[in-house]
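Reader: Please examine the structure shown below and discuss its nonpolar packing and its salt bridges.

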Amino acid sequence: MAARNTGARPGGPNKTCQFKLVLLGESAVGKSSLVLRFVKGQFHEYQESTIGAAFLTQTVCLDDATVKFEIWDTAGQERYHSLAPMYYRGAQAAIVVYDITNQESFQKAKNWVKELQRQASPNIVMALAGNKADMANKRVVEYEEAQAYAEENALLFMETSAKTSMNVNDIFMAIAKKLPIGPPQGETTGTVDMNQPQQQQKGSCCK
Amino acid sequence: MTFYMAPASSAANRNVYVAGRDSNVDEVMRSWEHKYCTYKEAKICISTFNVNGRSPPPILPGWFPSETGDISDIYAIGLQEMDLSVGTYIIDNTKKMEEWIDCMRKSLPGGEIAFEVIATMRLVGIFVAIFQWRGSHLKISHVSTNYMATGISVLMNKLGNKGGVAISLKINDTWVCFINSHFAAGNNELERRNQDFRDISHIRFANGMRTIYDHDVIFWFGDLNYRLSTEYMGISNEQVRIMASSNDFSSLLKYDQLREQMQRRLVFDGFVEPATFSFRPTYKYDVGTNIWDTSEKGRVPAWTDRILYWKAEDSIKIENKLMESVQSISISDHKPVRGFFRLGVKKIDEAKANQIYEEACREADRKANELLPQVKLSQTEIDFGEVKYLEPTTRQITVNNIGKSQVRFNFEITPLGKANQSISAEWLQVTPPHYVIPKGQSTQISLTVSIDSKEARKLHEKAKSSQLQDILVLHLEHGRDHFIPVTAKYSPKCFGVSIDQLLANKKTGDEVSEDDTCPKDLPREIFRLVDALRRRGVASLNLAESTDNTDFIQIRNALESGHPTDLTLLQVSSFALYSALIRLIDTLTEPVIPSGMDGIIHYEFIGVNRDARALWTAVSVLPPANRAIVEYIALMLHEFISQNAAIREQLPLWAERLFRYPPQTATLLSAPDPRVVALQTLCEYRRDAVFLF
């Protein structure tokens with residue numbers, strides 16, 4: 001039986017836009033927890049240390065497009081630092097994560113931002129996530145300080161909590177909105193003339 | 001240019017589900033159809049009629065029954081041989097077509113005004129028309145038409161002798177395709193008919209974007225021209241006619257070519273028609289009668305006129321209520337066939353569909369993430385501990401495939417500054433570098449650290465620390481990466497060290513005994529090896545012997561630990577001792593005769609290679625230890641050659657190891673290597689003898 005595509009509107013199928021997103025940041029700031037919260041809606045108090053680069057996909061729906069993230073969650077330990085370019089190379093988006101209760105992790109985050117500015121794709125969409133916002137009583141990195149830094153460097157910025165899920169979806173959503181999504185076709189019912197020659201999608205985001 | 005219609009209201013268009021973007025999401029949405037669709041029954045009547053080129057009467061009573069009052073929503077009527085006049089192939093004559101549409105309208109139940117023509121399509125004599133009853137509540141949309149000619153004459157460029165016409169449309173939200181076709185005629189054109197099916201099934205709609213199989217349901221009807229293969233079975237035309245006139249159609253249907261070809265899946269694969277027929281063969285009659293063909297050709301009766309359907313999924317509800325011929329109509333040599341169907345058509349509630357779209361995306365992601373390859377490693381980190389020169393050590397990692405399908409893995413080239421774009425550091429070998437593990441199975445990966453002479457020297461240059469480190473990146477195809485840090489401790493004492501370190505060993509080594517005859521500036525390791533060889537004597541040294549690694553390890557351990565002091569006590573051959581000496585010189589991190597500043601020292605030796613006095617003068621300006629080694633080796637070789645002439649053949653090997661760098665001046669291939677000449681000179685003319693005069 002032939003492959004079928006029932007229900008496709010005249011004008012043909014539009015593919016979901018796929019983007020490579022990489023998470024960077026010091027060990028134990030909660031990169032894997034953010035991904036786990038975002039993708040599976042789960043949280044583990046004792047999340048295993050990532051030895052490698054975990055891979056998951058997650059789709060988000062925007063007003064006018066569907067964005068599929070291919071998420072690479074990298075190991076944070078310093079010994080693996082030199083492998084990071086394998087993952088941020090070719091990435092269209094990056095989330096640099098720090099822990100608001102750990103000053104050192106904020107410094108590391110800044111280093112990551114610098115490295116991305118130097119080495120990653122010039123069009124990469126970068127977000128800074130101050131994670132563990134639920135532990136505000138142990139806060140050492142002030143919101144204003146991080147926000148000012150993010151503004152200087154044109155980063156998206158949110159404080160997040162993988163534990164309470166605060167701002168987790170939002171930060172991915174905010175990134176999706178900043179990504180260069182070519183407007184899809186055949187979107188609204190009744191507006192597409194079936195005799196109109198099929199338009200080719202421009203841009204590299206969509207397969 | 002990008003073509004995009006801005007939505008009227010952004011809020012109203014939020015998360016609109018559009019099929020065809022992501023096949024995973026579509027699959028979920030299809031399986032959830034009941035959540036956002038309502039279903040209605042559509043009554044569909046199909047009729048196919050080969051009209052033999054006849055002009056229609058104003059009305060064909062009985063074509064579509066009306067007395068029951070049961071009117072179908074949709075009538076799809078296919079004609080073949082609507083126009084046989086020669087001119088038809090050249091001039092597009094619409095007169096016959098209009099007459100037939102008129103006849104159809106009038107023959108439909110409820111009269112001509114009760115129906116609306118939805119679409120028609122014509123390929124010369126092959127014609128299809130779709131009517132919708134005005135009382136029907138079904139919404140028909142997205143109508144598009146196409147045809148495919150399969151005519152027999154290449155010269156006539158397929159002018160529509162045979163072929164198919166098709167109409168694609170949506171009934172509510174169910175896609176339906178109607179195909180009327182006329183296949184090749186003749187008893188022996190079976191393969192040609194099958195080819196007609198294949199050709200026509202390539203019809204596409206909507207600018208080629210939709211194939212016939214991109215519909216929920218296909219109705220395929222027409223004069224398919226499949227015959228009865230009774231002749232080959234020895235059944236006479238007369239017998240067939242008797243059977244065809246009786247009510248025993250099932251015994252005749254056994255010989256139907258189409259059934260036979262479908263059973264062998266050669267044609268109409270997946271299509272359905274009733275298990276048996278309750279009507280006579282529809283071909284061939286004398287026009288105006290119900291009498292089998294009495295012409296000269298006397299055709300054997302056959303069910304040439306057929307109605308089949310195909311559905312995309314089991315879940316689609318379609319029922320064939322009735323299939324029959326209309327025996328009373330006799331204007332043609334064929335009888336019309338009609339079929340009544342009930343099709344469950346869906347209506348998508350777009351708001352509901354859009355509501356669950358996000359959920360469907362998540363479900364699709366969940367399924368996709370679940371299917372990602374997964375492996376478990378028996379060890380996530382490998383520490384080789386102490387590794388030694390020329391003593392390969394191997395460790396195993398078991399990779400267990402714990403995912404839901406087979407997994408393909410490979411080691412990635414990493415940016416860790418490894419030479420030659422390798423997956424691992426030069427001192428580390430990984431096998432296999434890639435592999436496929438079936439579901440539920442496992443495989444072993446071997447990691448081997450081995451340090452040869454070249455590597456020993458290189459490691460010394462690279463890192464002063466004794467820690468060797470590498471990280472392997474094991475990549476699962478379409479999945480994650482695992483990092484495997486590999487460490488080893490390499491602290492060479494004798495092999496792979498500098499001359500300075502050998503001298504330092506001497507200071508920290510065991511207490512110097514009274515009768516120590518080791519020259520002051522000579523590394524003790526060299527002295528011990530040479531001393532042992534001397535005492536054993538080299539007359540019987542067999543240079544063709546091979547030495548195994550365990551011998552070497554014994555010697556190395558004795559040299560490193562200082563025990564036994566006397567190497568002759570070791571259970572190893574003289575050749576093993578001799579080989580160890582060569583390796584010791586070979587793994588020194590710098591050559592005994594240094595290249596010096598811009599190779600000057602080296603060049604001096606080469607330049608004066610036949611002048612013993614000049615050579616010894618050059619030796620005298622070397623650092624004390626280097627000088628001691630050259631003097632000692634030269635003296636040793638002098639002695640050994642006198643005991644065993646075969647050792648003379650070893651001079652190039654020794655020259656190579658003492659000088660290391662190739663001669664800087666290009667020499668003729670036939671000319672002797674100046675390094676060898678220099679060493680030979682040093683051996684032949686002992687220093688004290690030269691300076692005696």
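Reader: Which residues touch the most other members of the largest nonpolar core?

Author: This is a predicted model, in which local features need pLDDT of at least 70, side-chain atom pairs count only at pLDDT 80 or more, and totals for chains, interfaces and linings use all residues. Residues are numbered from 1 along each chain as its sequence is written, chains are lettered from A in the order in which they are written, and side-chain values use heavy atoms, with hydrogens and water left out. A nonpolar core is a set of buried (under 20% relative accessible area, 1.4 Å probe, protein chains only) Ala, Val, Leu, Ile, Met, Phe, Trp, Tyr and Cys residues joined through side-chain atoms within 4.5 Å. Of the 97 residues in the largest one, those with the most such neighbours are L447(B), I451(B), I526(B) and W654(B).

Reader: Which helix gives the most to this core?

Author: Helices are DSSP runs (H or I, at least four residues), numbered from the N terminus. With eleven residues, the leading contributor is helix α16 (residues 624-643) of chain B.

Reader: How many residues apart are the parts that K347(B) and D173(B) tie together?

Author: A salt bridge (a side-chain nitrogen of Lys or Arg within 4 Å of a carboxyl oxygen of Asp or Glu) joins K347(B) and D173(B) at 3.9 Å, N to O. K347(B) lies in strand β13 of chain B (strands are DSSP runs of E, at least two residues). D173(B) lies in the loop between β6 (163-171) and β7 (174-182) of chain B, so the separation in sequence is 174 residues.

Reader: Is D173(B) buried or exposed?

Author: The relative accessible area of D173(B) is 12%, so this residue counts as buried.

Methods
Buried < 20%, exposed > 50% of the residue type's maximum accessible area, 1.4 Å probe, protein only.
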